[in-house]
Amino acid sequence: MRQLSELDASFLYLESETAPMHIGGIYLFDARERDKPLAFSTFVAYLRSRLHVVPLFRQRLKEIPLRLGRPYWIDDPDFSIERHLAYVNLGNHGKVDSLMGLASRILEQPLKRDRPLWHITFVDGFQLDDDADSKSFALIVKLHHAAIDAFSGEEIIGKLLEYSPKARTIETPRPWYPQPEPSEERVILQAGANLLRKPLQMTSLAISAAEATARGLIQKQMRKLPLPFPLFSAPHSPFNRQITANRKIVSASLDLSRLKAIKAALGDVTLNDVVLGLCAETLSRYLAMSDATTERSLVAMTPISVRSSSLRKATGNQMSAMLLDLATTEPNPAERIRRIHWNAVESEPYREAIAADRLTELLPSTMLALSARLYSELQIAQRYQPVFNLPITNVPGPQVPLYLQGSRLVRQFNSAPLFDSMGLVIVAVSYQGNLTINFTLCPDVVADGDSLPELLENSLKSIESAAETLPPHEEDTCEHPDSHPTLTDEALNLMEGALRRTFRRFRN
């Protein structure tokens with residue numbers, strides 16, 4: 001019996017009819033090297049033999065009565081793999097467009113809470129190209145965000161698949177003996193014990209987190225960053241409107257070497273900066289096309305994995321996150337990447353000061369869910385300003401081919417959950433020398449989503465051209481924050497004094 005962290009539980013409580021909180025994956029396999037197409041029954045037997053690799057596949061939630069505490073993961077004594085699998089045959093319509101349409105409809109549906117929180121749809125009759133005998137198939141995978149994050153989702157798929165084109169012998173499944181389900185009395189007693197410990201834990205955490213955040217922000221940041229401070233004041237954008245249950249996944253693949261060439265040309269930037277710069281240029285072009293250009297730069301929330309290297313260790317979601325100014329007001333798309341790099345470097349103390357899991361301990365998951373519902377129902381993002389405009393996640397994937405029973409994984413698409421007043425999420429995943437940028441969107445909020453792949457390609461060409469003519473990187477290439485008005489030392493000292501008095505009163 002393992003209790004969910006506040007961060008894990010928050011994804012359960014944030015879920016609503018229009019916002020299912022699962023991560024999705026669409027995996028395309030080429031089975032032409034096999035003697036015959038991979039049968040659904042063979043896939044089921046293979047998956048059954050690999051269940052021991054991912055224990056969470058046989059664990060379900062155990063709710064605490066009256067929601068006196070966070071749920072627990074327990075072994076599901078009634079586990080049946082058939083309840084988590086579905087079979088679809090596209091027949092003569094097995095093209096990528098029809099597959100993506102099917103995936104969008106499947107991913108709109110929340111996972112059922114009375115069983116382990118995952119589901120896989122085996123799609124037969126899929127054609128990778130015009131070859132009617134391509135023997136291809138696809139998998140549409142749903143995994144709840146309460147159990148994994150985007151980074152561990154890739155780890156799980158890597159564990160389930162194979163690294164050799166030779167099909168592994170399907171072994172007899174290992175015996176599995178589920179632990180007995182805990183009694184209601186034990187769960188309630190455990191919840192009571194946690195409640196007794198929580199006040200002291202909350203007080204200690206609140207003091208240390210508030211001091212780390214506030215003092216770090218004042219002492220290390222406010223003397224450096226220009227005003228007005230953009231990280232806490234995202235502009236209005238078409239992406240930040242009320243969402244519906246409709247979903248659409250739009251993706252485009254790029255040669256990773258093109259992005260690495262841009263990184264080399266710009267000098268002191270990372271590949272992640274280039275990916276963020278590419279997304280920023282694409283979003284800028286979309287806004288211009290929609291006559292919705294913002295006067296201030298868009299702000300992205302960028303998750304950062306701090307996950308254990310061992311998947312067998314029960315780590316749940318382990319993420320930190322930072323708010324990042326995408327510098328969309330900078331007209332030069334190559335110079336923008338340098339500015340993004342500077343913003344990311346200067347934002348580092350924030351994520352060091354307090355990570356996402358500590359924030360959710362400060363703000364319990366039930367209160368976080370209530371806050372999110374009020375944020376949505378009161379339309380704060382529309383009437384005032386959103387905290388950030390969209391999440392962007394860059395997940396490094398394997399650069400060697402993966403296989404499933406002799407069928408090669410040739411391409412994958414990934415989706416992430418949308419939040420209320422957050423109609424667009426971008427997930428970039430690299431695999432075998434390619435980078436696939438996936439736009440999960442609500443088509444009722446983000447119109448003309450089909451234009452995004454073309455905008456992405458045009459953006460990359462524009463950055464490549466700009467990088468060729470940009471002067472070599474120098475220390476002063478990016479405008480230094482000292483050239484902007486900043487808070488005076490007197491104001492900073494007054495603020496620090498007030499904070500210290502507040503902390504002393506809080507301790508007493």
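These questions and answers cover aromatic pairs in a predicted model.

Author: Local features here need pLDDT of at least 70, side-chain atom pairs count only at pLDDT 80 or more, and totals for chains, interfaces and linings use all residues. Residues are numbered from 1 along each chain as its sequence is written, and side-chain values use heavy atoms, with hydrogens and water left out.

Reader: How many aromatic pairs does the structure hold?

Author: Nine. Rings of Phe, Tyr and Trp (its six-membered ring) pair if their centres lie within 6.5 Å; planes under 30 degrees apart count as stacked, over 60 as edge-to-face and the rest as tilted.

Reader: Why is the pair of Y87 and F122 called stacked?

Author: The ring centres of Y87 and F122 are 6.1 Å apart and the planes lie at 15 degrees, so the pair is stacked. Y87 sits in strand β5 (residues 85-89) and F122 in strand β6 (residues 118-126), 35 residues apart. Strands (E, at least two residues) are DSSP runs, numbered from the N terminus.

Reader: What makes F122 and F137 a stacked pair?

Author: Their centres are 5.1 Å apart and their planes are at 15 degrees, so this pair is stacked. It links strand β6 to strand β7 (residues 136-144).

Reader: Why is F122 called buried?

Author: Buried means under 20% relative accessible area, exposed over 50%, partly exposed in between (1.4 Å probe, protein chains only). F122 has 0%, so F122 is buried. F137, at 1%, is buried. Y87, at 39%, is partly exposed.

Notes:
Helix = DSSP H or I, 4+ residues; strand = E, 2+ residues; numbered from the N terminus.
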